[in-house]
Amino acid sequence: MHVIKRLLPWCMALMLALAVGACGSDDSGTSGDSGAKAESGKKSVKVGLILDGAADDGGWSQLWAEAAEKVKQEIPGTEISIVPKTGYGAPMQKAAQTFVAQGYDLVVSSSTGSDGDIAKVAKDAPDTKFAVAYGTRITDNLASASPAIEEGRYLDGIIAGAATKAGSIGYVGGYPVPAVVRPLDSFTMGAHTVNPDVQVKVLYVNSWFDPEKERQAAQALVDDGADVLAMDANSPAVPSVAKSANAGFVGYGRSRAANAPDQWLSTFTFDWVPYLKKYIEAIQNDTWKSSLDYWGLKEGAIGITELGPNVTDEAKAKVQEARDKIISGELKIFTGPITDNEGNTKVEDGDVLDTSDELLACCDWHVDGVVGKVPKS
């Protein structure tokens, strides 16, 4: 889905001083040189990828870095250079400006909410194309890559709801922003399809990567009776607690089965490859048209990992049924009536939130069944 990481000033200064040399490699060894020639007649596209975290963080940023490697193989001649650990404001703008100055064709930010910074740079660089994860500002040269996480999280909720015996699921959240709250609400609604009485207890750690806070939150949830844990974070802290407590475990964005194999249940997955390929091919073919691409299971931007050993055949069948209905359009997750956990109707009976604008704005409230409030900034 991550941002709000601050780049150390000296680190950013060093990378900017080295310019393309610094942008061309990161702490995971990703090189900006594809090592292959472009296909005959095709333009070789240079892509600058700005990550909010480390390219080997085990989560959000690593998924972007891995997608970059796949795209370089699938579109020969593509050059992708990475700047990791980049925060909002001046660091983000400087990184984008450096790529523009070095003649990069496409600049992509993985940081949700960074479109304000990127839009400032894009305005002064009309010949360069830009894209932001979950961006809401679409201009002639600025697009948005927005996976429908709630579709995958709904499937995770079915699995978690079937797995809990205590009727209590603990959820370690990052920041209480719509990109986190919406999937959590969807997760809860999925759990309720198999167990209407399930409670999902959420604790926000206000970080995308803080192993100690994540561990403390997970332990507090287990101590409060949760026998299944889910996470919206990157570190191995939550699976470690699940393993120690023998609690079922749902990951975030990539498989964590190796961390707690006996407790592993599932997780949805991201795939940024379809987005990067679309942008690169549009530049090659001179067919760029900025859009908000809200893609999910149907488009392959969202998937689901292997299921754990304790997931029952009945739960697997329910997941497959829901997946098929989401892809066909028969199942729209945010279909009313939906009530929040304070008794207020948020989606009227017969109404549905299904446009990209409606879904991206949702939610600053928790559905009935979630224990906890969305903190207000």
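A: A disulfide is a pair of cysteine sulfur atoms within 2.5 Å. By this rule the model has 1 disulfide. Cys362 and Cys363 form the disulfide, with their sulfur atoms 1.6 Å apart. The angle about the S-S bond is 60°, and the link of Cys362 and Cys363 is right-handed.

This is a predicted model: local features need pLDDT of at least 70, side-chain atom pairs count only at pLDDT 80 or more, and totals for chains, interfaces and linings use all residues. Residues are numbered from 1 along each chain as its sequence is written, and side-chain values use heavy atoms, with hydrogens and water left out. The mean pLDDT (the predictor's confidence in each residue, from 0 to 100) of the protein chain is 90. Of its residues, 89% reach 70 or more. Residues 1-35 stay under 50. For that stretch the model has 90 contacts (heavy atoms within 4.5 Å) beyond four places in sequence.

Now the helices (DSSP runs of H or I, at least four residues, numbered from the N terminus). Helix α3 covers residues 60-74, and helix α10 covers residues 273-285. Their axes (lines fitted to C-alpha atoms over the stretch in contact, with angles from 0 to 180 degrees between N-to-C directions) come within 9 Å and cross at roughly 50°. That makes α3 oblique to α10; under 35 degrees counts as roughly parallel, over 145 as roughly antiparallel, 65 to 115 as roughly perpendicular and the rest as oblique. On the α3 side, Trp64, Ala67, Ala68, Lys70, Val71 and Glu74 make the contact. On the α10 side, Val273, Leu276, Lys277 and Ile280 do. The residues of this contact divide into 7 nonpolar (Ala, Val, Leu, Ile, Met, Phe, Trp, Tyr, Cys and Pro), 3 charged (Asp, Glu, Lys and Arg) and no polar (the others, Gly among them).

Next come α6 (residues 149-163) and α11 (residues 313-328). Their axes come within 9 Å and cross at roughly 160°. α6 and α11 are therefore roughly antiparallel to each other. α6 passes α11 in a right-handed crossing. Residues of the contact include Tyr154 and Leu155 of α6 and Val319 and Ala322 of α11. The contact of α6 with α11 divides into 9 nonpolar, no polar and 3 charged residues.

Definitions and conventions
Helix = DSSP H or I, 4+ residues; strand = E, 2+ residues; numbered from the N terminus. Left-handed = near helix turned anticlockwise from the far one by under 90°.
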